[in-house]
Amino acid sequence: MKKISTKKLVFCVGIAALLIVLPLVLNTAFSHHVMTMMCIWALLGMGWNIIGGYAGQISNGHAIYYAFGAYANAMLLQWFSLPPWLAIWVGCLFSAAIAFLIGKGLLRFHGHVFAIATMAVAECARLVFINTKAIGGATGVYIFNSKLDSLLYMQFSNTRTYVYLYVVIVFLVLMFVRWLDKTKFCYYLRAINGNETAAESAGINAAHYKLLAYMLSAVIVSFAGALYMQFMLYTDPSMILTSNISMMIVLVTVMGGVGTVYGPIIGAIVLTFISEYTRVYLSRFGGLDMVIYGLLVILIVLFIPDGLISVPHRIRAYIARKGGKGKEAPAK
């Protein structure tokens, strides 16, 4: 068994202590909202990263699985009084089935064609959701009920409870992704991403592994959608099933670092912090919040193309270059 170094152990303990103390120190509903949304976006980024980062299939329609997870959770509660602890998994299975059907048809395409096709499917789903009265239509669904048991139905009055619960869930999913990153499955996906023809020549069934990656990605994103529903207790198609949401899911991963384990979490923290605080403090200036938010995102993507996760490496490389120049012998 591999031993954990003292440095890593101290770092992990420090992070754990920070996660425990932060919701206590920043004890406001808005701060808890921001931290909870960071967790949800981290899950969305980790989910999309499996198909978009490892397999290289850029899906611009993952909002469809976000919505399926949220609506499955809500409708199973309304129709059958099914607790979210069970409804979440039903939604994940449903999303996996839908992803199988969509993936079978669309994963034969590559590049921008696949990206546009997934966007079109998500837009068609949005129109279906808006015009289906059985699931609330354009009005949406509201699931709060003060008579329900708060623990069984995950409807907590204290917003700090959501933060702690969702942090634990993100940690568990992160451990799963970290394990998955070292498996044969992800090595195959990287090979497909690098050169699909060469990967198939080596005996890798590219269509099979891309479909599995797409389904797994949909399951994690659906899980995030269910958690979003439980936190907000209301949603409608214009909130959760738009092209903006699909683009944000992609952007979270790109900003943090595509194809990395921790990149989506870093991207989620930074992106959520920027978007939420600019929305609250600058929205009164006629859209200035969106201008600053968009400008910051563009600068990060342009000047740090490998994602924020590459910043420490860039700093070390810069220091090494400076140190190397300083040690150069003077010219004769």
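**Figure 1. Crossing of helices α11 and α12.** In this predicted model, the axes of α11 and α12 come within 7 Å and cross at roughly 110°. Angles of 65 to 115 degrees count as roughly perpendicular, so α11 is roughly perpendicular to α12. The crossing in which α11 passes α12 is right-handed. Both helices return in the view of the second largest pocket, where α11 spans residues 243-256 and α12 is among the contributing elements.

**Figure 2. The second largest pocket and its lining.** The volume of this pocket is about 580 Å³. Its lining consists of 19 residues, and those closest to the centre are W41, I245, M248, S275 and E276. At least two lining residues come from each of α2, α9 (206-232), α11 (243-256), α12 and α13 (288-303). Helix α12 provides the largest share of the lining of the second largest pocket, with five residues. Sorted by class, the lining of the second largest pocket holds 10 nonpolar, six polar and three charged residues.

**Figure 3. The largest pocket and its lining.** About 1,600 Å³ of space is found in the largest pocket. A total of 40 residues line the largest pocket, and F11, I15, F171, L174 and Y262 lie nearest its centre. Two or more lining residues are given by each of α1 (6-25), α2, α6 and α12 (263-282). The largest share of the lining of the largest pocket is that of α1, with 12 residues. The class count for the lining of the largest pocket is 33 nonpolar, two polar and five charged residues. Helix α2 and helix α12 are named among the elements that line the largest pocket, and both are also named for the second largest pocket.

**Figure 4. Packing of helix α2 with helix α6.** Helix α2 covers residues 29-54 and helix α6 covers residues 159-181; the two pack at an angle of about 20°, with their axes 9 Å apart. Angles under 35 degrees count as roughly parallel, so α2 is roughly parallel to α6. Helix α2 passes α6 in a left-handed crossing. In the contact of α2 with α6 there are 19 nonpolar, three polar and two charged residues. Both α2 and α6 also give two or more residues to the lining of the largest pocket.

**Figure 5. The largest cavity and its lining.** The count of cavities of 30 Å³ or more comes to one. The volume of the largest cavity is about 40 Å³. Its lining is made up of G61, I64, Y65, I102, T118, V121, A122 and Y214. Helices α3 (63-80) and α5 (111-130) each supply at least two residues of this lining. Helix α5 gives the largest share of the lining of the largest cavity, three residues. By class, six residues of the lining of the largest cavity are nonpolar, two are polar and none is charged.

**Figure 6. The whole protein, for orientation.** The secondary structure of the protein comprises 14 helices and two strands. Along the principal axes, the C-alpha atoms fill a box of roughly 85 × 55 × 50 Å. A compact globule of 332 residues would have a radius of gyration near 20 Å, and the protein has 21 Å, which agrees.

Key: Residues numbered from 1 in each chain as written. Predicted model: local features only at pLDDT ≥ 70, side-chain atom pairs only at ≥ 80, totals over all residues. Heavy atoms only, no water. Axes fitted to C-alpha atoms, helices over the stretch in contact; angles between N-to-C directions. Helix = DSSP H or I, 4+ residues; strand = E, 2+ residues; numbered from the N terminus. Parallel < 35°, antiparallel > 145°, perpendicular 65-115°, else oblique. Left-handed = near helix turned anticlockwise from the far one by under 90°. Nonpolar A, V, L, I, M, F, W, Y, C, P; charged D, E, K, R; others polar. 1 Å grid on protein atoms, 1.4 Å probe; cavity = no way out; pocket = protein on both sides within 12 Å on 5 of 7 lines; lining within 4 Å. Points joined across faces, edges and corners; volume = space filled by probe spheres on them. Rg over C-alpha atoms; globule rule 2.2 N^0.38 Å.
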